[in-house]
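Student: Hi, I've got a model open and would like to talk it through. Can we start with the ligand?
Tutor: Happy to, let's bring it up.
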Amino acid sequence: MSVAEETVGKPVMVESAPRQAQPAAVDVKDVAVRFRSKKRDVTALERIDLSVPMGEFVSLVGPSGCGKSTLLKLVAGLLKPSSGTVRLHGDPVTGPRHDIGYVFQRAALLEWRSARRNILLQAEMRGMPADRARRRADELIAMTGLRGFEEALPHELSGGMQQRVSLCRALLHEPPVLLMDEPFGALDALTREQMNIELRRIWRETGTTVLLVTHSIAEAVYLADRIVVMSARPGTITEVIEPGLPAERDYTETVGRPEFAHATARIRRLLGSAAPPPDAAE
Amino acid sequence: MSRQTPSTTAPVPGAPSGTGGPDTPARRAGPGAGERLAAAAERTWRPVALLAACLAAWWAVSAARLVEPYLVPSPGTTLQVVRDRAGYLLEHSWVTTYETLLGFAIAVVLGVLSAVLMVHSAELEKTLYPVLLFAQVIPKIAIAPLFVVWLGFGITPKIVVAVLIAFFPVVISMVTGLKSIDPEMLELSATMGAGPWRTFAKIRFPASLPHLFAGLKVAVTLAVTGAVVGEFVGANEGLGYVILQANGNLDTPMLFAGLLIMSLLGVVLFALVELAEKVLLPWHASRRADSVTTTL
Ligand SMILES: Nc1ncnc2c1ncn2[C@@H]1O[C@H](COP(=O)(O)OP(=O)(O)OP(=O)(O)O)[C@@H](O)[C@H]1O
Ligand SMILES: [Mg+2]
């Protein structure tokens, strides 16, 4: 399938030609996920089709429990779909993938390791050459403004700093795909904006493909090229929104743009109508 | 501070985010020596006061002759015995200490190993767990005589009883520790391509240590009990033997001296385990520095 896409080659189209030439970074085809337990069956995802070209930034938004985390876990290979296929760079995902960076909702740091050693865990687990890993860690520490806190233990760091450590850890091995599950959910609004600005800058510098799950509509629109809006159980994709904001995004200027307002209004309307009636929550 | 501010026109603060702050890390700004001493005093005065009150009550009871001295000797007499028979007591204390430490060490090794095996294989868990539980519910004190029959009067049966008594809290705490790992940590490890051994060494095992130490503290005091019980059943050395001898001779001052040293042994070993915890898991100790359970 992906071979066909690769070899057939489309007639040269001015802008998207280079993207079409390679397989999509993430390709989800007709995926459904059902969780079975003794008490009940839950269809977490249904008829999910999503293709993310390399280097694209995609946000996932949807009501709580609609299967956003499940979708990320599918892409990471931490979960198998009940039906359908998931491909990463053209290869079917069959088990946990190592060519990704995963940022969890909670920072998930090892509390006995300093910030730097938490970042370097990635290298140790992969058996990366130590000096290259150290250099890369220093770069990331500088990039995320963690300098001076390298030796601090997680409990000595603020929530925002913990998330930055977790982000550095996910970026250490320069993964082609970065999966982020509500990474800034625990932060206050101001810190969150600053983290958004940093993430946007890091993404522009690294060219990584990013899938970001978020509950913040502003965050989703500010950061992403495309926003995938999902519906409540069973989770399906309601709409994919492409706000068409410029690549260079100054925060205040961007959130003031009509495209931004338009996109956020649209998402809000979609989510509002997608919210389940209170009694339908099992 | 070190971060380059992106060259935007926006009023974006140049410093790292508000929560970060450009100051030095908080851990450097620890309390001074004086404050630490005050904190230590604050923590210790209550138990010390209680202990002093108990001693005073003991002294008052014996001084007022509320109880005959051959039943409850005065603290003075007891200390006198400790001083006069120091050599004798030391010799026997050493035997009990030796049995306790050896029993504790074996219990820790066996306990940690069984816990690791049980957590990594459901089959093994199903096999081992009922056996462990059965071994635990048998009153060790009741089967101690059997070990003397089997293993003789040497130190071996004492060590076996100490191991049997101390083993259970070690296994239980280690299993709890290994199982309480955050599943996200394991998922993270999977995305890092780490095999089970690396995951165990770098994540699971260190994460389980705080639980293990909670079990070790219980185990070490139980190991003392185990060794002494072993000595009660049949021995010609050790604190258990001293106490039995004193009992037979109605030598209550010596009996009290033995009890005193035995308790001291338990307290010292407990404190050592707690010290080891502080040294090995500074991250854990510092997080609960204000907890009331810290005795040191
Ligand atoms: N391991 C599991 N076993 C059974 N059901 C599960 C499991 N994981 C998720 N679910 C169910 O699947 C659905 C989707 O869960 P998921 O965690 O993906 O939601 P989400 O969109 O990430 O929600 P939130 O925004 O609250 O994090 C939920 O109804 C949840 O109950
Ligand atoms: Mg989720």
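Student: What does an oxygen atom of ligand 1 contact at Gly67(A)?
Tutor: In this predicted model, an oxygen atom of ligand 1 is 2.9 Å from a polar backbone atom of Gly67(A). A polar contact here is a pair of N or O atoms within 3.5 Å; within protein, one must be able to donate a hydrogen and the other to accept it, and residues adjacent in sequence count only if both atoms are side-chain atoms.

Student: Which side chain has an N or O atom 2.5 Å from an oxygen atom of ligand 1?
Tutor: That is Thr70(A). The side chain of Glu182(A) also has an N or O atom 3.3 Å from an oxygen atom of ligand 1.

Student: And how much of ligand 1 does the protein bury?
Tutor: The protein buries 65% of the 630 Å² that ligand 1 exposes when taken alone. Accessible areas come from the Shrake-Rupley method with a 1.4 Å probe, and for residues only the protein chains shown count as cover.

Student: Which elements give two or more residues to the shell around ligand 1?
Tutor: Strand S2 (41-52) and helix H3 (68-76), both of chain A. H3(A) gives the most, with three residues. Helices (H or I, at least four residues) and strands (E, at least two) are DSSP runs, numbered from the N terminus. In total 13 residues surround the ligand, with Ser64(A) and Lys68(A) among the closest; a residue is near if one of its heavy atoms lies within 4 Å.

Student: What sheet is S2 in?
Tutor: An open, antiparallel sheet of four strands in chain A, in the order S2-S1-S4-S5. S2 and strand S5 (91-92) are the edge strands, each pairing on one side only. Two strands pair if DSSP finds at least two bridges between them.

Student: How many bridges join S1 and S2(A)?
Tutor: Eight, with S1 (residues 26-36) of chain A running antiparallel to S2(A). Val31(A) stands opposite Ile48(A) there.

Student: What about S9 and S10 of chain A?
Tutor: Strand S9 (residues 226-230) and strand S10 (residues 237-241) pair in the antiparallel sense over four bridges. A hairpin of six residues joins S9(A) to S10(A), and Val228(A) has Val240(A) as its bridge partner.

Student: Switching topic: how many aromatic pairs are there over all chains?
Tutor: Nine. Rings of Phe, Tyr and Trp (its six-membered ring) pair if their centres lie within 6.5 Å; planes under 30 degrees apart count as stacked, over 60 as edge-to-face and the rest as tilted. One of the pairs is Trp58(B) with Phe256(B), tilted, at 5.6 Å centre to centre and 35° between the planes. It links helix H1 (residues 33-63) to helix H10 (residues 252-280) of chain B, the two residues being 198 apart.

Student: Is Trp58(B) buried or exposed?
Tutor: Trp58(B) is buried, at 17% relative accessibility, while Phe256(B) is partly exposed at 22%. Buried means under 20% relative accessible area, exposed over 50%, partly exposed in between (1.4 Å probe, protein chains only).

Student: Why is the pair of Trp94(B) and Tyr98(B) tilted?
Tutor: Because their planes meet at 45°, with ring centres 6.1 Å apart.

Key
Residues are numbered from 1 along each chain as its sequence is written. Chains are lettered from A and ligands numbered from 1 in the order in which they are written. This is a predicted model: local features need pLDDT of at least 70, side-chain atom pairs count only at pLDDT 80 or more; totals for chains, interfaces and linings use all residues. Side-chain values use heavy atoms; hydrogens and water are left out.
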